[in-house]
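Open the model in your viewer and keep the selection panel at hand.

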Amino acid sequence: MLEEKKAQDAMQIILHAGDARLHCMNGLKAIENSDFNKAKDEIKRANDEIVKAHRIQTKSITNETQGEAGEYSVLFAHAQDTLMTIYSEINIAKRMIKIFEAYDARLTILERLKRVNEHE
């Protein structure tokens, strides 16, 4: 019974993490199109999914530390690896939004200055 529960938890972690990756990728595509509001929205959605996955992992680990014995599970290890990989991707995407917003703002200023100088 415990092995079945661990497998179900692992699959839920993988599903939520996969949904998080999808939103993260959508956010990166929005960055490519300079749609920073959409990028932020997608990254928020990715973060919401990764939090769900993390809660399942934390509950499973807490149960094990409280004496709920369980065998090593390759599937659960894979789920944890997937969770942490996608968590890292989300963090990088968050930084990329800030980087490209700053870059876009600088370009906008330079373009305005160029137009002003051309009209003088």
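Some ground rules. This is a predicted model, where local features need pLDDT of at least 70 and side-chain atom pairs pLDDT 80 or more, while totals for chains, interfaces and linings use all residues. Residues are numbered from 1 along each chain as its sequence is written, and side-chain values use heavy atoms, without hydrogens and water.

Next, select 36-65. This is helix α2, with 30 residues; helices are DSSP runs of H or I, at least four residues, numbered from the N terminus. From first C-alpha to last it reaches 42 Å, close to the 44 Å expected at 1.5 Å a residue (1.5 Å times one less than the number of residues).

Stop at E49, in helix α2. E49 is buried, at 12% relative accessible area. Leaving out residues up to four places away in sequence, E49 touches H16, D19, A20 and H23 (heavy atoms within 4.5 Å).

Finally, show L2, K6, S60, E68 and G70. Of the 15 residues that line the largest pocket, these lie nearest its centre. A pocket here is an open set of points on a 1 Å grid over the protein atoms alone, where a 1.4 Å probe fits, with protein on both sides within 12 Å along at least five of seven lines; lining residues have an atom within 4 Å of a point. α1 gives the largest share of the lining, six residues.

Key:
Helices (H or I, at least four residues) and strands (E, at least two) are DSSP runs, numbered from the N terminus. Buried means under 20% relative accessible area, exposed over 50%, partly exposed in between (1.4 Å probe, protein chains only).
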